[in-house]
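Good morning, and thank you for joining.

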Amino acid sequence: MISIRLYSDKDKNSVYSVYKDCEDFLSLGPVSIASMKMVEEDLLGSRENNGTFCVIEYDNKIVGIIDYIPFGYEGNPENAFLSLIMIAKDYRSKGIGDIAVAEVEKIITENKTIKMIFSGVQTNNERAISFWIKHGYKIIRACLKNSTRMSF
């Protein structure tokens, strides 16, 4: 059974383990080695941007994380943003990411003012681009070096 719940401080070591297990994903970006500092910076960044940092559990084990801004992305109350999803290697291609994204989209769209959900994807992450396109997202522009903006 898959569930998503808010992160709590007791999850820190398990979340760090997910980050370590996702260094193949991290290697596509500017910092390829996971650290507890990276986890802490992501948590802080989520809080500072009014994000919702969640853990993804499979059979009561933390196997992934998903972070999103439910409204007000880029100062627009009609915009939401799925900022990060990571699934541990052994749990990929099992539909966990599909379920997690669908659940977060459902939560976000309960707010009827939301008109657009964005996600940022690195241009060198073809697997992620395919994942988002499969979920109905469209590439709307390349925005930062090595990054693609997608919307739903």
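**Overall form**

For 152 residues, a compact globule would have a radius of gyration near 15 Å, and the protein agrees because its value is 15 Å; this radius is taken over C-alpha atoms, and the globule rule is 2.2 Å times the number of residues to the power 0.38. Please note that this is a predicted model, in which local features need pLDDT of at least 70 and side-chain atom pairs count only at pLDDT 80 or more, while totals for chains, interfaces and linings use all residues. Residues are numbered from 1 along each chain as its sequence is written, and side-chain values use heavy atoms, with hydrogens and water left out.

The C-alpha trace spans about 35 × 30 × 30 Å along its principal axes. The protein has 5 helices and 7 strands, arranged along the sequence as β-α-α-α-β-β-β-α-β-α-β-β. Here helices (H or I, at least four residues) and strands (E, at least two) are DSSP runs, numbered from the N terminus.

Of the 152 residues, 41% are buried, meaning under 20% relative accessible area, with exposed over 50% and partly exposed in between (1.4 Å probe, protein chains only).

Let us turn to one residue. Ile 62 lies in strand 3, which covers residues 61-69. Is Ile 62 buried or exposed? Ile 62 counts as buried because its relative accessible area is 12%. Beyond its neighbours within four places in sequence, Ile 62 is in contact (heavy atoms within 4.5 Å) with several residues, among them Arg 5, Val 18 and Val 55.
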